[in-house]
Amino acid sequence: MERAPQLPGRRGLLKGAALAALPYALLPATRAGAQAQAVDYPLAESQPASTSNYTVSQRPTSYPLSHVIIHVTQETYPDTLSIFQNPAKKVSAHYVVRSADGHVAQCVRERDVAWHAGNWDYNTRSIGIEHEGWVDRPSYFTNALYEASARLTAAVCTKYGIPKDRAHIIGHYEVPGSDHSDPGPNWDWVRYIRLVNFA
């Protein structure tokens, strides 16, 4: 004759629940919520730049935001993230968009001043978005990159009341005093601004 299985008592259930929760209790508290707290754009992954590579601020209170500046990395996506994480490099951008799939990494919080434009006044008033690729290799400017970047730019513009036009969404080459040429002649501005406005 089979015995009826014994059900655990209240004490056994509590003990089991405590043991099941133990691995999570041992995790640092910042780890569990870090991803959600470290990004301003919900579709971005947090990839923080070194604190030596940007200026802590409280924008838009400390500086009003008036521009989005479009860059091209002249590096691969992983190398760009490594550069921003290297304290000796003294450079960063708020976001990096990957060519193959449009994946977005946030490296500097929007409230802080990234060092991307080479012009302090423009750095203080802008969000910098890097795009994986090279100015002379248009194959890096994929549909996924354009579409993901346009959604990001549209969200930034909406959030800060920045007009979605070419006077306010500019290339790095348009920053006064810049010696850069990005995003270069292969960047399709007409398409990009259209995508931003329809995002």
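## Helix α6 and its two sides

Val190 and Phe198 are exposed, out on the other side of α6 from the residues that we turn to next. Here "exposed" means over 50% relative accessible area, "buried" means under 20%, and "partly exposed" is in between, using a 1.4 Å probe and protein chains only. Helix α6 runs over residues 189–198, and its buried residues are Trp189, Tyr192, Ile193 and Val196. They sit on the same side of α6 because they cover an arc of only 95° around the axis. That arc is taken from the directions from the helix axis to the C-beta atoms.

What do the buried residues of α6 pack against? Their partners are β3, β7, α5 (143–160) and β8 (169–171); contact here means heavy atoms within 4.5 Å. The N-terminal end of α6 has a cap too: a side-chain oxygen of aspartate 188 lies 3.4 Å from the backbone nitrogen of valine 190. That is a polar contact, meaning a pair of N or O atoms within 3.5 Å; within protein, one must be able to donate a hydrogen and the other to accept it, and residues adjacent in sequence count only if both atoms are side-chain atoms.

## The model and the whole chain

This is a predicted model, so local features need pLDDT of at least 70 and side-chain atom pairs count only at pLDDT 80 or more, while totals for chains, interfaces and linings use all residues. Residues are numbered from 1 along each chain as its sequence is written, and side-chain values use heavy atoms, with hydrogens and water left out.

The protein chain has six helices and eight strands, and along the sequence the pattern reads α-α-β-β-β-α-β-β-β-α-β-α-β-α. Helices (H or I, at least four residues) and strands (E, at least two) are DSSP runs, numbered from the N terminus. Of the chain's 199 residues, 41% count as buried. Take the contacts with a separation of 6 or more: 73% of them are between residues 24 or more positions apart.

## Helix α3

Now for another helix with a buried face. In α3, the buried residues are Tyr77, Thr80, Leu81 and Phe84. Looking down the axis of α3, you'd find them within an arc of 100°, so they line one face of the helix. These buried residues pack against β1 (44–46), β4 (95–97), β5 (104–106) and β7 (126–131). At the start of α3, a side-chain oxygen of threonine 76 comes to within 3.2 Å of the backbone nitrogen of aspartate 79.

## The largest pocket

Helix α3 also turns up in the lining of the largest pocket, where its three residues are the largest share. The pocket holds about 340 Å³ of space. A pocket is found on a 1 Å grid over the protein atoms alone, as an open set of points where a 1.4 Å probe fits, with protein on both sides within 12 Å along at least five of seven lines; lining residues have an atom within 4 Å of a point. Grid points are joined across faces, edges and corners, and the volume is the space filled by probe spheres set on the points.

There are 23 lining residues, and the closest to the pocket's centre are Thr73, Val91, Glu130, His172 and His180. The elements that give two or more residues to this lining are β3 (67–72) and α3 (77–85). By class, the lining has seven nonpolar, twelve polar and four charged residues.

## Ser126, His94 and His116

Serine 126 is part of strand β7 and is buried, with a relative accessible area of 0%. Leaving aside neighbours within four places in sequence, its contacts include His67, His94 and His116. The C-alpha atoms of serine 126 and histidine 67 are separated by 4.6 Å, though the two are 59 residues apart along the chain. A polar atom of the serine 126 side chain lies 2.6 Å from the backbone oxygen of tyrosine 122.

Histidine 94 is in the loop between α3 and β4, and its relative accessibility is 0%. Its side chain reaches the backbone nitrogen of glycine 128 at 3.0 Å. Histidine 116 is in the loop between β6 (113–114) and α4 (120–124). Buried or exposed? Histidine 116 is buried, at 6% relative accessible area. Among the residues that histidine 116 touches are His71, His94, Ser126 and His172.

Terms used:
Ala, Val, Leu, Ile, Met, Phe, Trp, Tyr, Cys and Pro count as nonpolar, Asp, Glu, Lys and Arg as charged, and the others, Gly among them, as polar.
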